[in-house]
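Work through these exercises with the structure open. Try each task before you read its solution.

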Amino acid sequence: MLIATAIGIAISRDLLSVVMLSSIYGLLSANFFVTMDAVDVAFTEAAVGAGISPLLMFATIAIVGRYEKLPHRRVLSALLLVMITGALLIVATLDMPAFGAADAPVQQHVAPRYIQQSGEEIGIPNIVTSVLASYRGFDTFGEVVVVFTAGIGVLSLLMLAEGKSAKPVAEHLLKASHHKILRIVSKALVAPILLFALYVQFHGDYGPGGGFQAGVIFAAAIIVYAMLFGLDAARQAINQTVVRVMAALGVLIYGSVGLVSMLNGGNFLDYSVLAKDPLHGQHYGIIVIELGVGITVAAVMVLIYFSFAGRLIDRRGANE
Amino acid sequence: MSEMLLTHYNYWVVMVLMMIGFYIVIAQGNLVKKLVGLNIFQTSVFIMYISAGKVRGGSAPILDDAVTIYSNPLPHVLILTAIVVGIATTALGLALVIRIREAYGSAEEQEIQEQNQC
Amino acid sequence: MDILTVISGVLLAIGSFLLLSGGVGVLRFPDVYSRMHAAGVTDTMGAVVILLALMLLAGWSLVLAKLIMIMLFLLITGPTASHALGNAAWKSGLQPLTDKSNGR
Amino acid sequence: MLTVTTITLLVVMAMALSRAFVGPTVFDRILAANMFGTKTVLLIAVIGFLFGRPEFLDIAIVYALINFIGVIGMLRLIEYLEAEKADAAEDEH
């Protein structure tokens, strides 16, 4: 089914349906991840692949235009190239270990150690979280910085021309005041979503979840609000400067945990020294770090959405 | 050969997906479409990692007394962060597309190249 | 065999049937509105029935609470989404297929 | 019975997918996407029970929420596009 969807995406020329299909594609791949036991990954893919990324693409399409204009070019040569590469790759897979084999090289290296010892060393049941935040904490720090940088990039690309063409826009469209039912329902939903995001954030030690997922869910709640009550209302509710500061603050929290552990005589991001009992130290470290990750991801997602939507409105204002 | 088919089908699915994404990226002119293709490519890599980490009969890597075999948690960690970074970079790409469209009045590769040659 | 398992099995069967009929409806009906009818009604009902069956399997635990939450969310969001969809389709000027316009 | 339900869900998902392919209007596609989302929620819940680890229903909750958000977002932006089209038509007059 994944393949069928992908082919559909390749064939269709209406960008709207392309995006719709890509959202279905996200849902499908998340399903696949669940059957493959990767619950944390499915969680993230659920929030990102099915929710945020189609929305952003939609916003872009609303700005850029809906249809592809030109016929596909170089189709034959491209197909040929793709076929050859694909064939080579498939030949290469013949040497790969069989699917699901427990003795494949991937399973031999560090994974057994994580599975057998993380329970005693870190003391939290979710191995993914302990690997993410503790064993590979430095990597994750890098990822958070990348997300932060991407946020800055989007801001600097889209905020440049802001205010230049800000004319009043058709009020009723922006605020969607004619969607009474939608507004009431989503008003009722925003608070539970935020609460659920916090649950995901702090329950990440015990079940699937953690900072990345919680951040995305949190941002989704705010995006719903912005969609139905107008961008201005959302900007009033959540001050944009505060969001920007928050994005940086999350990274700062993460980094400073590392520094504190250095001051206490350990290595960078070595939480065992944070408390007398190394287990407690690990717990504190992971909770604080997940918090940092969550804050940064949520803030960056909200910022990205705001700047896209702001662009949309600016452009509309310029048209009128 | 049929044995191969049963044990390696996951890789082949990944390859087909990857090639579809690749095809979209090189053969199509629209920049948004190219980004979607890139996303498909990306997802195929995710699926590759995750299916490599699956252990037959294993269960999700969350410690529980009743479970003895777990799937490999390491690929999960890598892909989890990769997804979030992926969406961030996609957003960056879309922002670039918007700027390009504003500068050239088009999001089609060919038209942009024609304008550049003038 | 436990009576709860039997009941949940029956509920699962009903749910599957509802979903299947909804799927056939979405595939076969002639226009957006009738398709929406097929999908919206069976979606909500089938989902609720299946979740009820799962609740019977779960017994008293955190899982039960989560299932109830899912059910509530689906009950709230499903009809709302259908409403919004129908509203938008109508606003965009799409006419439902009536007897008069049948021979298009 | 759980297995039967899983298979049914997969079949229905395939149906929705084909509707999303064919669907003459945008709304058909959104409808299919929405239906697909509901099916995904159910599938994840059922699979959790099937594999005997039903603790992972959190994912299903997230789906139920995100799916709704996605549909609403798509509809809003389509409304936006329609308004733009109407504006353009007015300009031509």
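**Exercises on a predicted model**

The rule finds 1 salt bridge across the interface of chain D and chain C. The model is predicted.

**Exercise 1.** Which side chains meet in a salt bridge, and at what N to O distance?

*Solution.* Start with the pair: C:Asp43 and D:Lys39. Next, read the distance, 2.6 Å from N to O. Now apply the cut-off: a salt bridge needs a Lys or Arg side-chain nitrogen within 4 Å of a carboxyl oxygen of Asp or Glu, so this pair qualifies.

**Exercise 2.** Describe the side of chain D that touches chain C.

*Solution.* First, the polar contacts: 2 residue pairs across the interface, both at pLDDT 80 or more. Second, the elements: helices H1 (2-22), H2 (26-50) and H3 (57-92) of chain D each give two or more residues to this side. H2(D) supplies the largest share, 13 residues. Third, the residue classes: 26 are nonpolar, 6 polar and 6 charged.

**Exercise 3.** How much area do chain D and chain C bury between them?

*Solution.* The total is about 3,500 Å². Carbon and sulfur atoms carry 82% of it. In chain D, the residues that lose the most area to chain C are D:Arg19, D:Phe27 and D:Leu31. Together they account for 17% of what that side buries. For the contacts, count residues: 38 of chain D touch 40 of chain C.

**Exercise 4.** Summarise the fold of chain A.

*Solution.* Count the secondary structure: 14 helices and 0 strands. Then check burial: 57% of the 320 residues in chain A are buried. Last, take the contacts with a separation of 6 or more: 70% join residues 24 or more positions apart.

Methods. Residues numbered from 1 in each chain as written. Chains lettered and ligands numbered in written order. Heavy atoms only, no water. Contact = heavy atoms within 4.5 Å. Buried area = accessible area lost by both parts, 1.4 Å probe. Polar contact = N/O pair within 3.5 Å; in protein donor to acceptor, adjacent residues only side chain to side chain. Helix = DSSP H or I, 4+ residues; strand = E, 2+ residues; numbered from the N terminus. Nonpolar A, V, L, I, M, F, W, Y, C, P; charged D, E, K, R; others polar. Buried < 20%, exposed > 50% of the residue type's maximum accessible area, 1.4 Å probe, protein only.
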